[in-house]
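Work through the exercises below with the model in view. Try each task before you read its solution.

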Amino acid sequence: MPTEQQFSAQIDELLPRAWQSGLQPWRDLEGIAELFQGGLAALSGGKRTRARLAYTGWAAISGTLTSPPKQVFDLGVALEIYQASALVHDDIIDNSPLRRGKDAAHISFSKQHLREKRQGNSAEYGSYAAILLGDLLLAVADQCAFEVTSACENADAFFANWTEMTREVAAGQYLDLRLETDELDPATARERILTVVRHKSGRYSVAHPLTLGARLAGANAEQLKTLFAIGEYWGIAFQLCDDELGVFGNPNQTGKPAGGDLTEGKKTVLWSLAEQLLSDCARKELHEVFGNRAATATQISAVTEALKQQGVKERHRQLISEYAAKGDALLASGDFDTPGREALSRLGRALVERES
C-alpha cells in the first residue's frame with residue numbers, strides 16, 4: 001500500500017493527463033492553449049487533501065494492505081480537479097490576489113490581457129476568463145467522476161453522492177455571500193457562520209471525499225453514516241483551522257498574505273469571538289483593519305497580537321479541539337477494523353495539526 005506521500009505524488013502525475021483529456025476535442029482551437037495553461041496552474045500545488053481522504057475512506061473499509069485499485073486514483077483526480085474549480089471561483093468572489101503563493105487565476109488572466117495589449121478592461125477580462133476556467137474544471141471533474149462509476153458496484157448511489165457534494169458547495173457559497181453582506185450580531189452569529197462552514201466547505205472538504213472513497217470499497221449503510229458524521233465534525237475543525245491560518249499563518253507556508261482574512265473582512269467564528277472577547281481598545285484596532293485592504297503590516301500585527309494575548313486564539317483552538325474530539329469519539333465506536341481505524345485516526349490528526 002503506498003504511503004500518503006506516494007499516493008499524492010501519483011495524483012500529481014495523473015492530474016495534467018486528465019485535464020488534457022478533458023480539453024482534447026478542442027485542442028486545435030486558437031487560444032485554447034491559454035485555457036489549458038490556466039488549468040494546469042490551478043491544479044498545481046496543494047496537499048491533495050481530498051484525494052487522500054478518498055484513499056483513506058477506501059482503506060478504512062477495505063482494510064487491505066495492497067495498493068488501491070485504479071478507480072481510487074481516478075476519484076482522487078476528480079476531487080482535486082473539482083477542488084481547483086471551487087478555488088478559482090472562490091478567489092473571484094473573495095477578490096483574492098494570491099493562491100498558493102502565486103497569482104490567482106483571475107489575476108493571471110488579467111495580466112496576460114495587459115501584456116498582449118488586448119482591447120477592453122483587463123480586470124473584467126481576467127474575471128470572465130477565470131469564471132469560464134472554473135466552469136470547465138467543474139465539467140472535467142464531473143466527467144472524471146462519471147468514469148469512476150464504470151467500476152463501481154452501486155454506480156447510481158456513488159454519482160448521487162458526487163452531485164450532492166457539488167450542488168451543496170454552490171448553495172453553501174451563496175449562503176456565504178449573503179453572510180458577508182449581512183449585518184451580524186457577533187454574539188449570536190456563530191451558528192449561522194457554522195451553517196455556512198458545514199455546507200460550503202466542511203462536508204465537501206472531508207465528509208464527502210471519505211464516503212465516496214468508502215463506497216468504492218463496498219461500505220454498508222451504517223459505515224457510510226458513521227463516516228459522514230465523523231467527516232462532518234472533522235470538516236468543521238478543518239475549516240476552523242483554515243480560518244485560524246488565514247489570520248495567524250505564515251505567508252511562506254500558507255501562500256496567502258499575513259492577516260488576509262482580517263483585511264478581506266471574512267466573518268468567521270474567529271471574528272465573532274474577537275468581537276466578544278477583545279478589550280474596547282483592541283476591538284477598535286480590529287475595526288480599523290477588518291475589511292481594509294490598505295491596512296498596514298503594523299496594524300495587522302497589533303490585532304493578531306491582541307487576539308493571542310486576550311484569549312481569542314486560545315478559545316478558537318478549543319473549539320477546533322472540541323469538533324475534532326467529537327469525530328474521534330465516533331471513530332472509536334464505529335464499525336471499522338484496526339487498520340482502517342488507524343488510517344482514519346492518522347488522517348484526523350493531520351487535518352487539524354497543520355501549518356498550511
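Contact means heavy atoms within 4.5 Å. This is a predicted model: local features need pLDDT of at least 70, side-chain atom pairs count only at pLDDT 80 or more, and totals for chains, interfaces and linings use all residues. Residues are numbered from 1 along each chain as its sequence is written, and side-chain values use heavy atoms, with hydrogens and water left out.

**Exercise 1.** Find what Gln83 is in contact with, leaving aside its neighbours within four places in sequence.

Solution.
- Locate Gln83 in helix H4, residues 70-94. Helices are DSSP runs (H or I, at least four residues), numbered from the N terminus.
- List the partners: Arg50, Arg100 and Tyr204.
- Look at the side chains: those of Gln83 and Tyr204 make a polar contact at 2.2 Å. A polar contact is a pair of N or O atoms within 3.5 Å; within protein, one must be able to donate a hydrogen and the other to accept it, and residues adjacent in sequence count only if both atoms are side-chain atoms.

**Exercise 2.** Is Gln83 buried or exposed?

Solution.
- Take its relative accessible area: 7%.
- Apply the cut-offs: buried is under 20%, exposed over 50%, partly exposed in between (1.4 Å probe, protein chains only).
- Gln83 is therefore buried.

**Exercise 3.** Which residues of H13 and H14 meet?

Solution.
- H13 spans residues 280-289 and H14 residues 297-309.
- From H13 come Ala282, Glu285, Leu286, Glu288 and Val289.
- From H14 come Gln299, Ile300, Ala302, Val303 and Ala306.

Notes. Helices (H or I, at least four residues) and strands (E, at least two) are DSSP runs, numbered from the N terminus. Axes are lines fitted to C-alpha atoms, for helices over the stretch in contact, and angles run from 0 to 180 degrees between N-to-C directions.
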